[in-house]
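Here is a short report on a protein chain. Please look over the sequence and the model before reading on.

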Amino acid sequence: PDRGNYQKGSLTIVPAPIEEGTDYEVYADSLYRDGNGTLWVRAGTWVSIVPREGSGYNQGMDWGPVTKNEAFSFTLKKVDGKGAVVADSLEGQLQVQADGEVPQAGFSIAGAQQSGDCYYGKPGVSVTIQIPRDEQSGMKSARYFVSGYGEENTGKEGEENWWHDCRDGETLTLRKEGSYEICVHTEDYTGNQAYAKSAVIVIDGQGPELKISGVSDRSANDGAVQISVSCSDPNYRQGSLEIEMEGANGGEGPRELSREETAAGALASFADFPRILRWDDSYVLTAKADDLAGNETRTRISFSVNRFGSVYDLAEETKTALESFYHTVPFPVVFLETNVDYVGEAQIICMRNGEAKTLVQGRDYTARLEAEAGRKQYRYTVSPQVFEEDGAYEVILLSRDRASNSSDSLAQQKMVRFFMDRTPPQCLITGVSNGEICQVRELWICLEARDNGALESLEVYADGVRAVSCTG
């Protein structure tokens, strides 16, 4: 100023207005200004007003910690070396929004069933990551990491692909067996961070392993049959083991003696089949079980319980023929054999006048399986040609089934005995010759009647008059 015109005491220092970016800057550990100019800080941090170089001020202001949305008033000052304020600014205003947290991610799991704290599913389970909208400072980033074994997109700490950027609605598909957790890290613009972890997801593509012991598939059993059914699976659904036994002829399976259930499987044990004829039958055993992922395993075996072997009978036409012991016309002999199993060996013995002969199938007799569902019934037909010759006959059927039971028709009192007599009786006369003239007062004549079988009656006639009659 012009020294000549200066009047002492006329200089006055007044506070001046201040402007951010010209006179001062705002600093905080986590400061963010959104597109609307709103200033955000992480809740719990301090805010500093720092004068810019050349602004004429050298002292700003600190306050905090900021825990809520607040408007602050402040001034900038110039302080000399002795600490005295030599200049002061007009009061400035600062509106600060406090952001206390960032929203955690959520998860939507499809194709799996929840059991306890875990999800179980077959390969192909999908996990959708849900990134919520941050209504405060805004979501800066979201990243995920798959922790587990077996999946190709899992990472290892230290690898570049350990974490993967993701967006809302990002869907991951778990295709390989294993146990997994999805971890998601979210961060807002003020530096708030959150970690979310999904439930454990178990991918299981294999059903439980079922094992039947004590009996084999398609087996014939003539001894003790004590069956046990076991099931094993690390993810077994307890209580899912079901066992059914059904006989083709209405037979029931034996009672269940015990059952053990654990998280890794089950074991059921059955009593032996009672040694009663009606329990001999062809059985089908069906077992099924499933795991927590929904995999189901079924197994089925068939077997027979056969402790009493075959049951023999005669066809009705044969029974009728055998009501008579003596026959003049050969007739077929028909045996019926019933067994729960297939008969592996059969033999027919024909005895004539005490001499045994083994008949040949296809030539002397035929064998035919007539009923196969449930019990098997065989029909053996012995040809009438076998009985062409006169004599006393006895026919016996012998057989052995798959269970090694041997039996014969004779032991079961199915007797086939008869006499074939196709030759008429003969009469031998002694004491006189045909046409002979005898000049005697009395004459003894002997008559001897003979037959291959047995005579039913004898009558003697003299000059056309019956002289003698006898029977038996």
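Predicted model: local features only at pLDDT ≥ 70, side-chain atom pairs only at ≥ 80, totals over all residues.

Residues are numbered from 1 along each chain as its sequence is written, and side-chain values use heavy atoms, with hydrogens and water left out.

**Confidence**

pLDDT is the predictor's confidence in each residue, from 0 to 100. The protein chain has a mean pLDDT of 88, and 90% of its residues reach 70 or more. Confidence is highest in strand E23 (residues 265-270), at a mean of 98. Confidence is lowest in strand E37 (residues 446-450), at 68. Over residues 150-160 the pLDDT is below 50.

**Strand pairing**

Strands (E, at least two residues) are DSSP runs, numbered from the N terminus. Two strands pair if DSSP finds at least two bridges between them.

| Pair | Sense | Bridges |
|---|---|---|
| E10 (residues 106-115) and E11 (residues 118-130) | antiparallel | 9 bridges |
| E18 (residues 209-213) and E20 (residues 228-232) | antiparallel | 5 bridges |
| E20 and E23 | antiparallel | 5 bridges |

Ile109 stands opposite Val127 in E11. The hairpin of E10 and E11 has 2 residues between the strands. There, Gly116 takes a positive phi near 65 degrees. Lys211 stands opposite Ser230 in E20, and Cys231 stands opposite Ala266 in E23.

Definitions and conventions: Helix = DSSP H or I, 4+ residues; strand = E, 2+ residues; numbered from the N terminus. Contact = heavy atoms within 4.5 Å.
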